[in-house]
Amino acid sequence: MTEPFDPRPEDLKQRVWESIQRDELPPKDDRGRMRVVMNNLVLHLHPSKVAKPTLKFTYTWGLGGLSILLVALLAVTGVMLMFVYTPSPATAYMDMLALQTEVWFGQFVRNIHHWSGNLLVIVAFLHLLRVFFTGGFRTPREFNWVLGVGLLLLVVAANFTGYLLPWDQLAYWAVTVGSSLLSYVPVIGEGLRNFLLGGPEVGAATLTNFYGLHVAIIPLTLMGIVSFHIWRVRKDTLSIPHKLDGTIDGAESNQVEKVTTLPHLVSREVVFALVMTGLILLWSMWVNAPLEAAANPDHSPNPAKAAWYFMGLQELLLHFHPVFGAIVIPALGLGALALVPYQRFDLSAEGVWFRSTKGRRMAIAGALSALVAVPLLVVLDEYVIDLPAMLPTIPTLISNGWIPFAAVLLLVIGYYEGVKRVFKATACEARLSVFVLLVVSFVLLTVIGIAFRGEGMALMLPWEVL
Amino acid sequence: MTDNPSENVTRRDFLKIAWGAAGALALVETGGVVLSFFSPRVAEGEFGGMIEAGLVDSFAPASVTPFTQGRFYLVRMPDGGFVALYRKCTHLGCAVPWNPSENRFVCPCHASAFEMDGQVINAPAPRPLDRFAVIIEGGMVKVDTSTPIQRDHATDADLVYAEVP
Ligand code: FES
């Protein structure tokens, strides 16, 4: 009896390589290319073949991929920062100063982390808009839309918990204000906030809690859901861009051509990722992440503003009772957002930017309506209408809550019905119009909060504020 | 035993329910452990408990004296009554400074304003500034800062007077 021999025991180098990379590189034919994608850990997040029209850059704008790139940059720089930072009120701010003055490339690494985090909020939001406007959430992708909404919330939570860590004035008060929103949730709110802060006010326990959330719990949850999200994209495939007349965008005939992921998709992704990384590094070389004076619990700066992605919410709070500004309106908005893909949808609109010709006009109508209504209402509420003063005997929950909320709700419902009647829009197009109306309103509120609110949160012109 | 199967729980059903209940119980227990592990360890008498603010006569009527450590203002109203106001804005928690020129508290965060006794004069704050219990003993004003007291309206009943000698 002889032992069965390995065919090539002596070729060690070759054997090690093959145990890592199973397929020939570079692959010789399409079959080989598909096998590399299937058998490679990173590439296997892709299907082995993709529909050619979906490669069109101006369809996806690379926004999903860019989000992943930013998450990767955040993970790398974040772990680096962990080595020079201690989450304790006594040391946190000192560590920030040391990071900026003593650590080699400390400021640069912090800048990359800071800007990537902020950019991720914008990019994830734009990605959501892209998918909405091209109807990419249609069956079977409904649940992936819901996962996406969850991811957007996690991204905001990651930014919010990271916000506190430098322990400067901005951080301290932004988090005080942000976490106080929670205490308006009926019954459990107060307890929830105390739980999150580890006590009644922002303090040492808050910093420890937020650090744990920021470096472990949120990133792990995010990575898990992101993997699920991408896996679903692979299984469900991308929606295919269509022109207004129903023909397929980027294809000669209506026959969808499929091409191998390697190299057609992968090469585009690599080039795009390299260009974007270059731009982010350049930006981070020139623009420093802000750092204000050390946190001082005795003194709120004036104006004390929340992080910029919460400024829309903070602006709402200036106009509505907190139960509405902080809870009811955001919860309704989020609920409606999550239910978007379960609404009736005109199937011929999938893959068409803004659904149809009328849909495009309705999108413009929604944007214009918001541009007129929001500044008008904000100015009216600031200078003319003062419901709590006009109705002094009624609790502010009604005078400053139910009444303005019902008024705004009626306006939106009236707008929806109006669009359907006057412009003969389908329900699908009318909903698109309302969506644009609400999104533009939210963006406007954010802009007003950032650029038009100065000392004492009074309305001012941008050059007096910034 | 009846012949109607819908009135009987079969062995299979019973086991299903039992497993389900055991699973749910395990989940609740795990949740309880996690929640209690992370719950805040609040020390008795936050902010230093009872604070001796000073002698009654050292506070002029119609004056507002900040106590930074205790996070409150000791207010003496024009009629001589005392009230201790927690400096945390009832809107979203900013530290509210006293503005002597306007004779009111004005919150820098969202422009809530409060009268000297804590009453809201300008929304968005939903209720007056919370107060701490004031005790006057032998001419000494003491403030119990362990629990802020919430109120819907600031009333004269909140004021504490030194006993007339
Ligand atoms: S926190 Fe004082 S007005 Fe909002």
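Is Cys107(B) buried or exposed? Cys107(B) is buried, at a relative accessible area of 3%, where buried means under 20% relative accessible area, exposed over 50% and partly exposed in between (1.4 Å probe, protein chains only).

## About the model

This is a predicted model, in which local features need pLDDT of at least 70 and side-chain atom pairs count only at pLDDT 80 or more, while totals for chains, interfaces and linings use all residues. Residues are numbered from 1 along each chain as its sequence is written, chains are lettered from A and ligands numbered from 1 in the order in which they are written, and side-chain values use heavy atoms, with hydrogens and water left out.

## Cysteines

Cys89(B) is buried as well, with a relative accessible area of 5%.

## Where the chains meet

Let's turn to the interface. Contact (heavy atoms within 4.5 Å) links 28 residues of chain A with 23 residues of chain B. About 2100 Å² is buried between the two chains, with carbon and sulfur atoms giving 59%; this buried area is the accessible area (1.4 Å probe) that two parts lose on being put together, summed over both. On the chain A side, Phe195(A), Glu201(A) and Asp298(A) lose the most area to chain B, together 26% of what that side buries.

The rule finds two salt bridges across this interface, each being a side-chain nitrogen of Lys or Arg within 4 Å of a carboxyl oxygen of Asp or Glu. Helices α8 (169-180), α9 (189-197) and α12 (311-319) of chain A each supply at least two residues of the side that touches chain B. Of the elements of chain A, α8(A) gives the most to that side, with four residues. Helices (H or I, at least four residues) and strands (E, at least two) are DSSP runs, numbered from the N terminus.

## A closer look at Arg87(B)

Arg87(B) is found in the loop between β4 (82-86) and β5 (98-99) of chain B, and this residue is buried at 9% relative accessible area. Arg87(B) forms a salt bridge with Asp298(A), with the closest N and O atoms 2.9 Å apart. Not counting residues up to four places away in sequence, Arg87(B) touches residues including Pro297(A), Asp298(A), Tyr73(B) and Cys94(B).

## Leu43(A)

In chain A, Leu43(A) has its place in the loop between α2 (30-39) and β1 (49-51). Leu43(A) counts as buried at 16% relative accessibility. Leaving aside neighbours within four places in sequence, Leu43(A) is in contact with Val36(A), Val37(A), Leu262(A) and Val266(A).
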